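Biologist: Could you take me through this structure step by step, setting each term against its definition?

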Protein chains: 2
Amino acid sequence: MEPPKRRRSNTRARLLEGALEVFAERGFHGASVEDICERAGFTRGAFYSNFGSKDELVLALFQATTDRLLEQIEALLPELASQPGSLLDAVLGLLDETAPDQRQWHLISAEFTLHALRDPDAAEALNKQRAMFRESLTRLVEQITETSGLELTVPAEQFVRMVIAVHEGARSQSLLEPEEVPAGTLEHTFLPMVLEAVSRPSR
Amino acid sequence: MEPPKRRRSNTRARLLEGALEVFAERGFHGASVEDICERAGFTRGAFYSNFGSKDELVLALFQATTDRLLEQIEALLPELASQPGSLLDAVLGLLDETAPDQRQWHLISAEFTLHALRDPDAAEALNKQRAMFRESLTRLVEQITETSGLELTVPAEQFVRMVIAVHEGARSQSLLEPEEVPAGTLEHTFLPMVLEAVSRPSR
DNA sequence: TGTATTCAATACAGAACTGTATCCTACTCC
DNA sequence: GGAGTAGGATACAGTTCTGTATTGAATACA
């Protein structure tokens, strides 16, 4: 049928990778198609042979990133769920583990969030992804609470939402002021208190 | 000396206002100078007679917005500090009061934060503004804790940082999913617990 | 080995945007 | 009421970007 796609798919991957870097540096609007191609080592010919437009690439990039993220999560879940560490170590560990380059990830993520706040289609895609992400975290929280004899006094998902909110808000501050707010400071100072407040021994 | 500046300054103000709207809709990069002028009811002639470039306008807009924000805060502080409500009501009230249009404010704010993460000059300006903002909040917190016989077990500024982180993270979720996360939900669910955990009766 | 096909490079046309230089209008001040 | 000027509109030149049409090289396959 269609055997020889190795060249093409490799090109696509390199273009996506280049786009990720350039988007992080200059934002979606700030990066031209040419910029992306240059970074990936191609000309625009390659680009338009693989994508219809920059918007299409943005969407593809989001999907690719999302897929990879969810895979990673699924891979990490069993390990974290059965580890000795505390609940919060597992959850925060997952949040960090899946974003090796905090800065780049935050830039892209913020950029796409902003995009989603303006474009309903993007919003739907993003919300779907975030829902799956939350679900994984929620399952993790539920597993650990069960096996460690704890019980939450609020729905696990609500708790997860709070952890995510703190994580994102705190990361923003850490990136803006690395000196004053070393990464993880706020999370590790305050989240244990929240957990303490919403959990009790079960049974 | 230089009497007739009324026309000019009014034009500047309208351009800034137009820029605010257009930036919120399309982002800094996505909005052209022409877009801004059109929104304000001018042509590019007026723009370049008032600003050197779009970057210069962005900076001016940031300064103007910042100044107005800090003024508002200073005006609200005494009232809030001496009000009957709780500490958190005062703090969250201040955070909300100063941003009548949550959505637009968040968009602009996120946009500028993203800008600052890429441009050291913008970062310095933003950090300076945020520092002043935090300082006001910190003073408010200190005043209220004192007069209400409370004592914090962590530095007030650290507590304020946490409140801000939660507020920003939560607002992002609220704007993305207004149905699932009505504005204020996370803050009002979890922040009282945090406060409870880090405060005790003084003396 | 020859032929067909895939895919990226190149060349090109057109649109959008920026910034400047000039013009025109309306106010200011005498 | 007339000269001077401030400030916005208009016209224009140059750049940058996008998207398409064509070309050319490498690969698959017979």
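Biologist: Which residues touch the most other members of the largest nonpolar core?

Modeller: This is a predicted model, in which local features need pLDDT of at least 70 and side-chain atom pairs count only at pLDDT 80 or more, while totals for chains, interfaces and linings use all residues. Residues are numbered from 1 along each chain as its sequence is written, and chains are lettered from A and ligands numbered from 1 in the order in which they are written. In the largest nonpolar core, which has 46 residues, V166(A) and V166(B) touch the most other members.

Biologist: What makes a set of residues a nonpolar core?

Modeller: The members are buried Ala, Val, Leu, Ile, Met, Phe, Trp, Tyr and Cys residues joined through C-beta atoms within 7 Å, where buried means that 20 or more other C-beta atoms, placed from the backbone, lie within 10 Å of a residue's own. Another core, of 44 residues, lies apart from the largest one and includes V22(A) and F112(A).

Biologist: What does V166(B) touch, leaving out residues up to four places away in sequence?

Modeller: Among them are A165(A), V166(A) and G169(A), as well as F190(B); residues are in contact if their C-beta atoms lie within 7 Å.

Biologist: How many residues does each chain give to the contact?

Modeller: Chain A gives 38 residues and chain B gives 39, and the largest share of the side of chain A, 13 residues, comes from α8(A), a helix being a DSSP run (H or I, at least four residues) numbered from the N terminus.

Biologist: How do you know how the two copies are related?

Modeller: Superposed by least squares on C-alpha atoms of residues with pLDDT of at least 70 in both, chain A can be laid on chain B with an RMSD of 0.0 Å by a turn of 180° and a shift of 0.0 Å along the axis. The copies are therefore related as by a two-fold rotation axis.

How values were computed
Two residues are in contact if their C-beta atoms, placed from the backbone, lie within 7 Å. Helices (H or I, at least four residues) and strands (E, at least two) are DSSP runs, numbered from the N terminus. A residue is buried if 20 or more other C-beta atoms lie within 10 Å of its own, exposed if 12 or fewer, and partly exposed in between; C-beta atoms are placed from the backbone.
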